[in-house]
Amino acid sequence: MQKPCPICGKPAVSASRPFCSERCRDIDLNRWLSGSYAIPAADTEADDDEEPLPPPAPGASRSS
């Protein structure tokens, strides 16, 4: 049993699986690229509890 196209619900075709057509494939791609399918991120408590780093001492050089 084939799953329906996730965009329009029509039967999927093997050439564009899991979609029914190139059009539905392009619609899905556009949704990914435009951020419609973004995964929400939550702040962790560890980020909120951290103290800021002190400023570097005068004359100290930063090494990378």
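This is a predicted model: local features need pLDDT of at least 70, side-chain atom pairs count only at pLDDT 80 or more; totals for chains, interfaces and linings use all residues.
UniProt, in an unreviewed entry, lists Cys5, Cys8, Cys20 and Cys24 under "binding site".

**The whole protein**
- The protein has 2 helices and 0 strands.
- Of its 64 residues, 11% are buried.
- Its accessible surface comes to about 6100 Å², and carbon and sulfur atoms account for 54% of that.

- Where do you find cysteine 5? Look in the segment before α1.
- Cysteine 5 has a relative accessible area of 4%, so it counts as buried, since the cut-off is under 20%.
- Leaving out residues up to four places away in sequence, cysteine 5 touches Lys10, Ala12, Pro18, Phe19, Cys20 and Cys24. Two of those names, Cys20 and Cys24, are also on UniProt's list.
- Cysteine 24, on the other hand, sits in helix α1.
- Is cysteine 24 buried or exposed? It's buried, because its relative accessible area is 3%.
- Beyond its neighbours within four places in sequence, cysteine 24 is in contact with Cys5, Ile7, Cys8 and Phe19. Phe19 turns up among the contacts of cysteine 5 too.

- Side chains of opposite charge can pair when their charged atoms come close.
- How many salt bridges are there here? The count is 1.
- The partners are arginine 25 and glutamate 22, whose side chains meet at 3.7 Å, N to O.
- Both arginine 25 and glutamate 22 lie in helix α1, 3 residues apart, which is about one turn of the helix.
- Arginine 25 is partly exposed, with a relative accessible area of 35%, and glutamate 22 is partly exposed as well, at 45%.

**A nonpolar patch on the surface**
- Which residues form a nonpolar patch on the surface? They are Leu29, Trp32 and Leu33, and together they have about 380 Å² of accessible area.
- Leucine 33 belongs to helix α1, which covers residues 22-34.
- Leucine 33 counts as exposed because its relative accessibility is 69%, and the cut-off for exposed is over 50%.

Note on methods: Residues are numbered from 1 along each chain as its sequence is written. Side-chain values use heavy atoms; hydrogens and water are left out. Patches are made of residues with over 30% relative accessible area and no salt bridge: like charges are joined within 9 Å, nonpolar side chains (Val, Leu, Ile, Met, Phe, Trp, Tyr) within 5 Å. Accessible areas come from the Shrake-Rupley method with a 1.4 Å probe; for residues, only the protein chains shown count as cover. A salt bridge is a side-chain nitrogen of Lys or Arg within 4 Å of a carboxyl oxygen of Asp or Glu. Helices (H or I, at least four residues) and strands (E, at least two) are DSSP runs, numbered from the N terminus. Buried means under 20% relative accessible area, exposed over 50%, partly exposed in between (1.4 Å probe, protein chains only). UniProt positions are given in the numbering used here, feature names are shortened, and annotations may be inferred rather than shown by experiment. Contact means heavy atoms within 4.5 Å.
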